[in-house]
Amino acid sequence: MNALDKIAAFSMDYFSLKGKVAIVTGANQGLGMGYAVAFAKAGADLYIPHYTDDVSDVKRLIEAEGRRVAFIKGDLTDRNYIKAVVEGCLKEYGRIDILVNNAGTNHFAPFFDFPGEAYDRVLELQLKSVYFLGHEVAKVMKAQGGGKIINIGSALSYTADRKCPAYVTAKHGVIGITRDFANELGPYNIQCNAICPGFIQTDMNIAVSADKAFYDHITGRIAAGRWGDLDDLMGTAVFLASKASDYLNGADIKVDGGFSCVL
Ligand SMILES: NC(=O)c1ccc[n+]([C@@H]2O[C@H](COP(=O)([O-])OP(=O)(O)OC[C@H]3O[C@@H](n4cnc5c(N)ncnc54)[C@H](O)[C@@H]3O)[C@@H](O)[C@H]2O)c1
């Protein structure tokens with residue numbers, strides 16, 4: 001195909017996820033639910049590892065799009081569960097095209113009182129499970145001839161906030177994992193990129209965002225003049241999961257309303 005033919009061949013179908021199967025961890029609430037429903041709207045079926053019980057909202061929203069969804073409950077800090085997620089998805093659908101490592105947690109405490117167990121626990125989930133689940137899924141994608149891995153970073157992938165050293169460490173590490181996977185897996189047509197959301201009100205930051213002084217301080221630093229909504233992230237996720245992003249690998253995309261470029 002010459003250059004003109006390639007341009008002519010481009011279509012909105014490049015953004016379609018028809019026939020694809022996506023795993024989105026922790027997608028029964030918050031940002032993960034947004035990614036999962038966006039994928040369903042783009043044509044994908046979903047497999048959702050969840051930690052808390054209620055899956056009713058995400059089930060209803062995905063099925064309303066005429067797509068399938070199946071669930072597996074467990075703790076992603078457990079390596080046996082990580083293997084069960086991959087086996088379960090293969091049993092349900094026979095393939096895995098997209099993985100979003102979204103599940104996360106945080107722990108806030110003054111620096112000198114920060115408990116060692118909390119540091120370990122946050123890193124197990126926010127860093128190590130990203131590596132281990134990605135690693136298991138990559139084996140399947142390699143055998144299939146390709147796939148998309150999307151890791152979730154943060155504004156704290158680039159800078160530090162006080163009282164959450166484990167989260168800052170993990171989210172910086174997520175960028176490292178993303179670049180490592182891009183480098184290792186690119187030859188197998190697997191692209192690994194990161195979305196780094198800015199500030200979005202979800203269960204994870206309900207306590208800190210209830211602090212009006214903090215909320216206003218952050219709002220003042222967002223060029224958009226507001227915190228993000230769940231749907232602000234959905235388009236980027238579909239793009240990174242689709243053929244439209246096939247030449248993007250190892251990137252970290254800040255979806256933060258301009259937070260990172262305001263002094
Ligand atoms: N909300 C924000 O402003 C923001 C900003 C940047 C990055 N993020 C990241 O986005 C991701 C989603 O967070 P959110 O804001 O939607 O918060 P959330 O608390 O609504 O979602 C977190 C999800 O992770 C799951 N989870 C927690 N512990 C788990 C465990 N041990 N095993 C498996 N699943 C577990 C929860 O059940 C939940 O479904 C996280 O990685 C978070 O760090 C959020």
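Colleague: Which of the 25 residues around the ligand come nearest?
Modeller: This is a predicted model. The shell around the ligand holds ten nonpolar, 13 polar and two charged residues. Out of the 25 residues there, the ones that come nearest are Gly-26, Gly-30, Tyr-51, Gly-104 and Thr-202.

Colleague: Which helix gives the most to the shell around the ligand?
Modeller: The helix in question spans residues 30-41. Three of its residues belong to the shell, and the helix is α2.

Colleague: How many nonpolar residues has the contact of α2 with α9?
Modeller: From α2 come Gly-34, Tyr-35, Ala-38 and Phe-39, and they meet Met-234, Ala-237, Val-238 and Ala-241 of α9. One residue of this contact is polar and none is charged. The number of nonpolar residues is seven.

Colleague: Are α2 and α3 roughly parallel or oblique to each other?
Modeller: Helix α3 is made of residues 56-64. Its axis and the axis of α2 come within 9 Å and cross at roughly 15°. Angles under 35 degrees count as roughly parallel, so the description for α2 and α3 is roughly parallel.

Colleague: Which residues of α3 meet α2?
Modeller: On the α2 side stand Met-33, Ala-36, Val-37 and Ala-40. By class, this contact has seven nonpolar residues, no polar ones and one charged. The partners in α3 are Asp-57, Val-58, Leu-61 and Ile-62.

Colleague: Is the crossing of α5 and α6 left-handed or right-handed?
Modeller: Helix α5 runs over residues 116-144 and helix α6 over residues 165-185, with the axes 9 Å apart and at an angle of about 15°. That makes α5 roughly parallel to α6. The hand of the crossing is a separate matter from the angle class, and here α5 passes α6 in a crossing that is right-handed.

Colleague: How many charged residues are in the contact of α5 with α6?
Modeller: The α5 side includes Ala-118, Tyr-119, Val-122 and Leu-123, and the α6 side includes Pro-165, Ala-166, Lys-171 and Val-174. The contact has 16 nonpolar and four polar residues. The count of charged residues is one.

Colleague: What is the phi of Lys-163?
Modeller: Most residues other than glycine have a negative phi. Lys-163 sits in the loop between β5 and α6. Lys-163 is not a glycine, yet its phi is positive, at about 70°.

Colleague: Where is Asn-189, another residue with a positive phi?
Modeller: Asn-189 has a phi of about 60° although it is not a glycine. It counts as partly exposed because 15 other C-beta atoms lie within 10 Å. Its place is the loop between α6 and β6.

Colleague: Is Leu-263 buried or exposed?
Modeller: Leu-263 lies in the segment after β7. Leu-263 has 3, so the class is exposed.

Colleague: Which residues is Glu-92 in contact with, leaving aside its neighbours within four places in sequence?
Modeller: Glu-92 is part of helix α4, residues 79-93. It is partly exposed, with 17 other C-beta atoms within 10 Å. Leaving aside neighbours within four places in sequence, its contacts are Tyr-47 and Ala-70.

Colleague: How far apart in space are Lys-243 and Asp-211?
Modeller: Lys-243 is found in the loop between α9 and β7. It is partly exposed, with 15 other C-beta atoms within 10 Å. Lys-243 and Asp-211 are 32 residues apart in sequence, and their distance in space, C-alpha to C-alpha, is 41 Å.

Notes. Residues are numbered from 1 along each chain as its sequence is written. This is a predicted model: local features need pLDDT of at least 70, side-chain atom pairs count only at pLDDT 80 or more; totals for chains, interfaces and linings use all residues. Axes are lines fitted to C-alpha atoms, for helices over the stretch in contact, and angles run from 0 to 180 degrees between N-to-C directions. Helices (H or I, at least four residues) and strands (E, at least two) are DSSP runs, numbered from the N terminus. Angles under 35 degrees count as roughly parallel, over 145 as roughly antiparallel, 65 to 115 as roughly perpendicular and the rest as oblique. A crossing is left-handed if the near helix is turned anticlockwise from the far one by less than a right angle, and right-handed if clockwise. Two residues are in contact if their C-beta atoms, placed from the backbone, lie within 7 Å. Ala, Val, Leu, Ile, Met, Phe, Trp, Tyr, Cys and Pro count as nonpolar, Asp, Glu, Lys and Arg as charged, and the others, Gly among them, as polar. A residue is near a molecule or strand if its C-beta atom, placed from the backbone, lies within 6 Å of it. A residue is buried if 20 or more other C-beta atoms lie within 10 Å of its own, exposed if 12 or fewer, and partly exposed in between; C-beta atoms are placed from the backbone.
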